[in-house]
Amino acid sequence: MQLRFIGCGDAFGSGGRYNTCFHVTGEHVNFLIDCGASSLPALKRNGIAREDIDLVLITHFHGDHFGGLPFLLLDAQFTHRTRPLVIAGPEGIETRLEQVMEALFENSSKRQQRFDLGIVGVKPETTAKFGAVNVTPFAVVHGESGGPFLGYRIETESRVISYTGDTEWTEALIPLGRDADLFIAEASHYDKAVKNHLNLKTLEMHLAEIRPKRLILTHMGEDMLGRLETLAYETAADGMVVEI
Ligand SMILES: [Zn+2]
Ligand SMILES: [Zn+2]
């Protein structure tokens, strides 16, 4: 199984990185985790066949994780996609998707697709099954408005991929990431405490409880990017492929 970082940047394009979007492929699965605003050009740059993607899992409705969906859906329509597509995310996703489609491309949400589009709201700590992909969402802490905010523990093809989404430290990250084959963690900052976001030093204090088999840091701001050479941890890069 492979995970490719299509985009691993923060909301501000720090380091020229694309917004969050990870592409997972296995023997029986092909899905995206998040679809930030820049994801369609980033998918094309990586030569990803969009029509083979069956599922998009969205952690939250911020533009750098969710804002690429209108472009992905219009691209699917104009390339005559026929394969069904499921988009799953926090409850309320149907309304939020319609709003963002209408804001960016008027009337686009009303157009009849040639393919079956399923929009599914998922609930914290309730495992949802999408084909061979089992997804357990956890509520994370990322602000007073604009939620719900989720992190995901994804079990598929005998592997566990966990992703924190955007969050400050919360105990929920322990069951979310525990013993995961791959734990992808936000590390916006090195040691600066910024509300609603995670810094590496705080994450580090809890790694012994989480015990991931492999940790990769993502969503790094300028402060983290300036330290890449000296960090003791693996860090994501756009286009990087990880075998799981
Ligand atoms: Zn973000
Ligand atoms: Zn966010």
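1. Helices (H or I, at least four residues) and strands (E, at least two) are taken here as DSSP runs, numbered from the N terminus. The structure is a predicted model, in which local features need pLDDT of at least 70 and side-chain atom pairs count only at pLDDT 80 or more, while totals for chains, interfaces and linings use all residues. Residues are numbered from 1 along each chain as its sequence is written, chains are lettered from A and ligands numbered from 1 in the order in which they are written, and side-chain values use heavy atoms, with hydrogens and water left out.

2. Pro148 sits in the loop between strand E8 (133–139) and strand E9 (150–156), and the peptide bond that leads from Gly147 into Pro148 is cis, with omega near -5°.

3. Donors are N, O and S atoms within 2.8 Å of the metal (3.2 Å for Na, K and Ca), and since water is not among the atoms, sites may look incomplete.

4. The zinc ion (ligand 2) is coordinated by His60 (NE2), His62 (ND1), His142 (NE2) and Asp166 (OD), at 2.1 to 2.4 Å, and the donor residues are spaced H-x1-H-x79-H-x23-D in sequence. His60, in the loop between strand E4 (55–57) and H2, and Asp166, in the loop between strand E10 (159–163) and helix H5 (173–177), are 106 residues apart, and the pair links distant parts of the chain. The arrangement around the zinc ion (ligand 2) is irregular because its four donor atoms subtend angles of 90 to 171°.

5. The two metal sites should be read together, as the zinc ion (ligand 1) and the zinc ion (ligand 2) are 3.5 Å apart and Asp166 coordinates both. Asp166 is buried, with a relative accessible area of 2%, and His60 is likewise buried, at 1%.

6. The axes of helix H3 (residues 69–78) and helix H4 (residues 93–104) come within 9 Å and cross at roughly 75°, which makes H3 roughly perpendicular to H4. Axes are lines fitted to C-alpha atoms, for helices over the stretch in contact, and angles run from 0 to 180 degrees between N-to-C directions; angles under 35 degrees count as roughly parallel, over 145 as roughly antiparallel, 65 to 115 as roughly perpendicular and the rest as oblique.

7. Where H3 and H4 meet, Leu69, Pro70, Phe71 and Leu73 of H3 face Leu97, Val100, Met101 and Leu104 of H4, with contact meaning heavy atoms within 4.5 Å. H3 is mostly covered, since eight of its 10 residues are buried, among them Leu72, Asp75 and Gln77.

8. Asp34 lies in the loop between strand E3 (30–33) and helix H1 (39–45) and is buried, at 0% relative accessibility, whereas His80 is found in the loop between H3 and strand E5 (85–90).

9. Pro124, in the loop between strand E6 (117–122) and strand E7 (128–130), is partly exposed, with a relative accessible area of 37%. Leaving aside neighbours within four places in sequence, Pro124 is in contact with Pro137, Ala139 and Leu150.

Conventions
Buried means under 20% relative accessible area, exposed over 50%, partly exposed in between (1.4 Å probe, protein chains only). Four donors count as tetrahedral if all angles lie between 85 and 135 degrees; four count as square planar and six as octahedral if opposite donors are over 155 degrees apart and all others between 65 and 115; anything else is irregular.
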